[in-house]
Amino acid sequence: MQESWLTKAYTTPPPTFCLPPDKDIANDPEIRKSVIEFFNAHTEIATLEFSDHKVDISTISHLASVLPKLSLTSVDFSENTLTDETFISLSHALKNCPNLQLLNFNGNQITSNGIKIFSELFNNNQLLLKFSLVDNKITSEGIAYLSEAFQNNPLIELNVSLNPIDSSGAKTLS
């Protein structure tokens, strides 16, 4: 059966979709189409794991229409070499996911410019509890944007380790 890998990628509970490492969603339009169709049929998906897939702007554009339809509480796009452009595009889609509690963007190429737009989009979010941005290219300027965006948010954990943050950024975090 052609789509058996999709059913293996989907587990419960909680309803989770983990894209298998051998599925190249960025370069294979058939896989991208299958994933989008699967998401449209399984809107109960709460956890989305797309780590280590080198997701590009085209893939994000395709996913953007379906992500807000899912019941997402947790999203992992770590190790995807996301640029500011892809991160901002993804952020626009995720801002329409009202139940998000955990975001993982570790190991990408996100800079303070991307964080600025993200912060503008998420500054009224009251549910996000954990946000991980380990090993990106975020400076103290980006930390200031995050601090401002989450000042009235119950955020429990913000992990920005392994970013080029100077003492002023560290002070902002404390």
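Before you click anything, here's a term you'll need: contact means heavy atoms within 4.5 Å. Helices (H or I, at least four residues) and strands (E, at least two) are DSSP runs, numbered from the N terminus. You're looking at a predicted model, where local features need pLDDT of at least 70, side-chain atom pairs count only at pLDDT 80 or more, and totals for chains, interfaces and linings use all residues. Residues are numbered from 1 along each chain as its sequence is written, and side-chain values use heavy atoms, with hydrogens and water left out.

**Stop 1: α4 and α5**

Select α4, residues 84-94, and then α5, residues 112-122. On the α4 side, pick out Asp84, Phe87, Ile88, Ser91, His92 and Leu94; they meet Asn113, Gly114, Ile115, Ile117, Phe118, Leu121 and Phe122 in α5. Sorted by class, this contact has 8 nonpolar, 4 polar and 1 charged residues. (Ala, Val, Leu, Ile, Met, Phe, Trp, Tyr, Cys and Pro count as nonpolar, Asp, Glu, Lys and Arg as charged, and the others, Gly among them, as polar.)

How are the two helices set against each other? They pack at an angle of about 5 degrees, with axes 9 Å apart. Axes here are lines fitted to C-alpha atoms, for helices over the stretch in contact, and angles run from 0 to 180 degrees between N-to-C directions. So α4 and α5 are roughly parallel to each other; angles under 35 degrees count as roughly parallel, over 145 as roughly antiparallel, 65 to 115 as roughly perpendicular and the rest as oblique.

**Stop 2: α3 and α4**

Show Ile57, Ile60 and Ala64 of α3 with Glu85, Thr86, Ser89, Leu90 and Ala93 of α4, which make the contact. That set divides into 5 nonpolar, 2 polar and 1 charged.

**Stop 3: α2 and α3**

Look for Arg32, Val35, Ile36 and Phe39 in α2, meeting Ser58, Thr59, His62 and Leu63 in α3. This contact has 4 nonpolar, 3 polar and 1 charged residues.

**Stop 4**

Most residues other than glycine have a negative phi, and most peptide bonds are trans. Which bond is cis here? Zoom in on the one joining Pro13 and Pro14, with omega at about -15 degrees. Pro14 sits in the loop between β1 (10-11) and β2 (16-18).

Next, select Lys54, in the loop between β3 (47-49) and α3. Lys54 isn't a glycine, yet its phi is positive, about 50 degrees.
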